[in-house]
Amino acid sequence: MNNDSLYEQLIKIVGQERVSNQDFARLAVSVESTAIGISFLSPFSEKFVLPKVVVKPQTTKQVVEIIKLAIKTKTPIIVRGGGCGGSMGTVSTQSGILIDMTDMDRIVEIDEPSMAVIVQAGITWGKLRHELNKHGFRPGPLGPHGTWGATIGGALSYDSCCIDANKYGQLSEDVLTLQVVLPNGDIIETGSQVNPKSHIYHRYCNGPDLAGLFLGASGALGVITEATVRIYPKEKYTAHATFGFRSLEDACKALHEISRSGYTDDFWMLCGKHTVDLGYPQAPEETESIVALYAAAQYPKIIDVRKEKWMETAKKYEVKELDPSFADKYASDYTGIATAAGQSLSWGVCNIWPIKRIPEIYYDTVKLFLKYEDIMKNDRRRKLWSVVAVGGAKHPMCDFCYGFTADRSDPEIRAKAYEALQELQKMAIEHGAAFYDLGRLPAAAYLWEKAESAYALLKAIKKALDPNNIMNPGSLML
Amino acid sequence: MFLNDKPELREQLYRCSKCGYCRDTISDELGFYHVCPVYDVLRMEHFCGRGRATIALGLMEGAVQFSEPLANMVHTDLGCGACKEICPENIDIPAITRALRKEIVKSKLESLKLKQIYSVLEETHNIFGEEKPRSSWAEDLGLPKKGETLYFAGCSASYTYPKTARAIVKILSEAGVKVAYLGEDEWCCGAPALWGGYIEFFEKIAKLNLSAIKASGAKTVIFGCAVCYNSLKTHYQSMIGKLPFKPLHISEVIYDLMQKGDVHFQPIRRRFTYHDPCHLGRDEKVYEQPREVIKKIPEAEFYEMPRNRKSAFCCGEGVVVSTLFPNLTRKISANRISEAKETGADAIVTCCPGCVATLSKAAAWLKSRGKTEIEVYDLPIIVAESMRLKL
């Protein structure tokens, strides 16, 4: 089927205004966050192509029809959520149909007694939070770096680390049931919803955990169209504070001790020396690490207890509370996190580590950055690189984000920066890092080299579910 | 090469982190409930700020080329600046749009309708192609051409809303402020040329207006139109450096007069809400003065729309957009009318004749379908009514 015919067929499914085959429309959806996500720039443009057509379904039924059309025409499918990822998981290596999920953005039901919300997968975190807020609820984790514009489906497909995941865990951990359209066009429900009579939302029942198969699968095994996730009462009281430590080791120990006290803070952010100036240029000279802590609770007494613990720990490590401007910046609207992740880490990578191993990976990262210092851009923030660990995964794990700035406009610098990034990922795999947003990162190849059996199993599953290899081909190296 | 003359915009396009805040953010914390009015209606990525920035980068890098469909897409941008306002990286999408439109004109890819806007402006010096004297509204007012304080009326007040122009002059006169007026020496501020991509023509208009203002001896220039105000205060200024006069919007002037006790309001029993014009609010940061003036009117009730101040939704006018894509404008303005009505207000006050025209059209359209009913006023009209001035 030629492109025009494909376009016409898609119009029949979703209507004229929700399909485009214009080159600029296809280009607009061929990017993700971070430098490597700009697929049309070299050296990435050697691998990536524009999709043939962009389509925006509104219903699961339309997704099914699109997939059936793709099967019939042997056309690859790429599924895109908010476009805020950083692993090139939603850019095309084979030109096909790009499904933009952001019009599947309805709240299907807020089931207050079950403490669960059922949503279409294209709903943004911003909309979900806003709608839950009206009912006095919140999702546990509050979203990945895209914060407001990222989608729930995207966060599930990439197992995204999230704000407030220190306490609540990543969103995948809060999934109760999923609705997925398989690569053959069938719709399946998982967990308690396997039973069509059920109005219960529970994940671990009715056999194996089918939901787990699709979480973090980078869209390679099916299209997540609906998800039921846990919700929590929205806290009324919050607190935050910032401390400057004289060593990174002390900062990590302190974070762990605070959690051992029995009250896990909602979120925290830890910056190494090289990042301190980025967000806190007024820090005292001897500051090697800054820790910003956030807590939320239903009762003021809990907040008081947590603040007491912070101060007690600070006293033990002989550190003083710094002025709150750093924490204010990050706690007020999380805009700072998006900025830090998107800009300072424009050439970067994030993966999951236990807090206790932060110093080890931190020092090796700095060594590697020094090797590539000549390509790092002295940008308007006057910092070459940044290394930030955040409570983006459930304690004692964390989301470790490390990256640098380099001039994206210079093809030679881009090539060199990509080389640095590949080396960074190789180093991370060698150190045992856990990658959550694998997509099409070079890290996938380094990982599967070391995990042949797991890779073989994954390939067998892919072949069983998607014999024509139409679902996001190339993602996860499948 | 595209944007070679704008290194700061080139840098911004490479810097954009694609976070997507500018597409469709809903955030109680940020006070935004959707961001892009065009994306809100047309729903494809290329219609939001991030998509536009990606396409501009693609043009710079040769990944896509200018074409008529691309030109049409570029011309749907309202230039309302909500994307710029929410952007954590300060990417100036409206400036990028203006640069794209300049290139479109250079490549002769602009639509026939846009070319007509240019011709009309060039021939008649006003956006409506009106041939009658620009100063008709002021015939009986005896305004001098020279003076320390000048009133710049703009096209809309001169031709479509002469009562607004007269209200401004009479309010100022009542408060003891004597104003001069350029009459036929006043041209359109040039905004349609600026936002249409005819930059050289805009510069020509700016020079003519600046020369006329200089000849008037004005130290202060008062504007009733948010677009004119923004054109002179920001865009003329960026062209020539510091302006040789102080630009003020009428809402700022009335607020100051009110503070000094030079204007006195009589009761108006109406329930008002206020619509922030993009070029007055986000562009020039005039948010509070109009609200304070409305709230000062005895017996008037005031209701705020959920999207206000920096997150206010555009009326849909978009300088040239309402002419090029009237259906898009109508959908956007109808949404804004519904939002205003939901506050419980029975009248919208705004501070720009462009917004008044756009919102009034949508209000009439909705009323004709029996959907909703709401009045739309420019602030000077309400103030004049409250001061019991005869227009």
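User: How many bridges join strand 8 of chain A to strand 10 of chain A?

Analyst: This is a predicted model, in which local features need pLDDT of at least 70, side-chain atom pairs count only at pLDDT 80 or more, and totals for chains, interfaces and linings use all residues. Residues are numbered from 1 along each chain as its sequence is written, while chains are lettered from A and ligands numbered from 1 in the order in which they are written. Helices (H or I, at least four residues) and strands (E, at least two) are DSSP runs, numbered from the N terminus. Strand 8 (residues 175-181) and strand 10 of chain A run antiparallel, and the number of bridges joining them is six.

User: Which residue in strand 10 of chain A stands opposite V175(A)?

Analyst: Two strands pair if DSSP finds at least two bridges between them. V175(A) has its opposite residue in strand 10 of chain A, and that residue is V229(A).

User: In strand 10 of chain A, what is the bridge partner of V119(A)?

Analyst: Strand 6 (residues 116-120) of chain A pairs with strand 10 in the antiparallel sense, over five bridges. Strand 7 (residues 137-139) of chain A also pairs with strand 10 in the antiparallel sense, over three bridges. There, F137(A) stands opposite P233(A). For V119(A), the bridge partner in strand 10 is A227(A).

User: Why is strand 10 of chain A largely enclosed by the rest of the structure?

Analyst: A residue is buried if 20 or more other C-beta atoms lie within 10 Å of its own, exposed if 12 or fewer, and partly exposed in between; C-beta atoms are placed from the backbone. Strand 10 spans residues 223-233 of chain A. It is largely enclosed because, of its eleven residues, the number buried is nine.

User: Leaving aside neighbours within four places in sequence, which residues are in contact with W268(A)?

Analyst: Two residues are in contact if their C-beta atoms, placed from the backbone, lie within 7 Å. With those neighbours left aside, the contacts of W268(A) are N166(A), L255(A), V291(A), A292(A), L293(A), Y294(A), V390(A) and G391(A).

User: How many Å separate the centres of domain 1 and domain 2 of chain A?

Analyst: Domain bounds come from an automatic or database domain assignment. For chain A it gives domain 1 (3-101), domain 2 (104-233) and domain 3 (237-431). Taken over C-alpha atoms, the centres of domain 1 and domain 2 of chain A are separated by 23 Å.

User: How many residues of domain 3 of chain B are in contact with domain 2 of chain B?

Analyst: Chain B is divided into domain 1 (7-110), domain 2 (123-256) and domain 3 (265-386). The centres of domain 2 and domain 3 of chain B, taken over C-alpha atoms, are 22 Å apart. Domain 2 of chain B brings 28 residues to the contact, and the number from domain 3 of chain B is 24.
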